[in-house]
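Student: Could you show me how to read a protein model, one feature at a time? I would like the general idea before each case.

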Amino acid sequence: SAVMRTFLPKIKDQLSCFGPSHLPILTEAQLASSLELAEKLAASRGLQNRKRRRAAVLVPLCTVDSIPSIMFTLRSADVRTHKSEISFPGGHRECGTDISSVDTAIRETKEELASPEGWYDYNEGISILGRTQVIPSLTGIMVTPIIGAFDRDFPSAPEKFSRMFPGNEGEVESVFTVSVRELLENETAETLPRLGGTRGKEAMGPVFPTKHGKVWGLTAIVLRPILHKILKPTGFYDGGSVQGCATRRKDE
């Protein structure tokens, strides 16, 4: 889209400010606390000696009727972990298939959004802008967030959006977008033990309420610095408020 073409160089420049260490997500203390909690959970499940798997997620920037937005998925209630949670598309790295974390993020995004065959070229139609610090999930999986941008502008009309991104029936309940402005304006916080705490105070983690549910946990932790250190400084939020767009399973 024209809006995306305008902002892509600015976003890339802003990301380059953080150099080879990439955009930081957690402080050293928060990272240590997250790893400690993951180890405790692994030990409680008898998995403490298991080799850590790697994963990647795509943070999908997009425009909806020219409004700067971010795309999310609502996970199905039938998946094994993180049931009915809002997340970025992504998953485990597949040895022999994925050469890099970017490959993992793009492959998983294509699988989860489940666009009609031939409708969208995910390899060519998503511009990779950079990545953030690698962070651990609660299960100890090391996750690499990849920041990418859809080149096309999407319609806000639900029926049109549904045809584009029906969502993988086995994994995804819905695919939706939220404007960057709405995310910035509605941000709040709640206690989040994985981030530790200081002087007897519980750590607080970001939460982003949306009409689709709240964005919290790992997704919110990744989202916040991208919003405040990358998108807000570059102006990738202007254009007024928008409700975003969404698709639901057809049988609802």
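Tutor: We will go through confidence, a helix pair and a sheet. This is a predicted model, where local features need pLDDT of at least 70 and side-chain atom pairs count only at pLDDT 80 or more, while totals for chains, interfaces and linings use all residues. Residues are numbered from 1 along each chain as its sequence is written, and side-chain values use heavy atoms, with hydrogens and water left out.

Student: What is the mean pLDDT of the protein chain?

Tutor: pLDDT is the predictor's confidence in each residue, from 0 to 100. Here the chain's mean is 88, and 87% of its residues reach 70 or more. Over residues 239–243 pLDDT stays under 50.

Student: At what angle do H1 and H7 pack?

Tutor: Helices (H or I, at least four residues) and strands (E, at least two) are DSSP runs, numbered from the N terminus. Axes are lines fitted to C-alpha atoms, for helices over the stretch in contact, and angles run from 0 to 180 degrees between N-to-C directions. Contact means heavy atoms within 4.5 Å. H1 (residues 2–16) and H7 (residues 217–234) pack at about 140°, their axes 9 Å apart. On the H1 side, the contact residues include Phe 7 and Ile 11, and on the H7 side they include Ile 230 and Leu 231.

Student: Which strands form the open sheet, and in what order?

Tutor: Two strands pair if DSSP finds at least two bridges between them. In this model the order is S9-S12-S13, with antiparallel pairing. S9 (188–191) and S13 (213–215) each have a single partner strand, so one side of each lacks a neighbour in the sheet. S12 (residues 204–210) is joined to S13 by 3 bridges. Phe 208 has Val 215 in S13 as its bridge partner.

Student: Where does H7 lie?

Tutor: H7 lies across S12 and S13, and runs at about 85° to S12.
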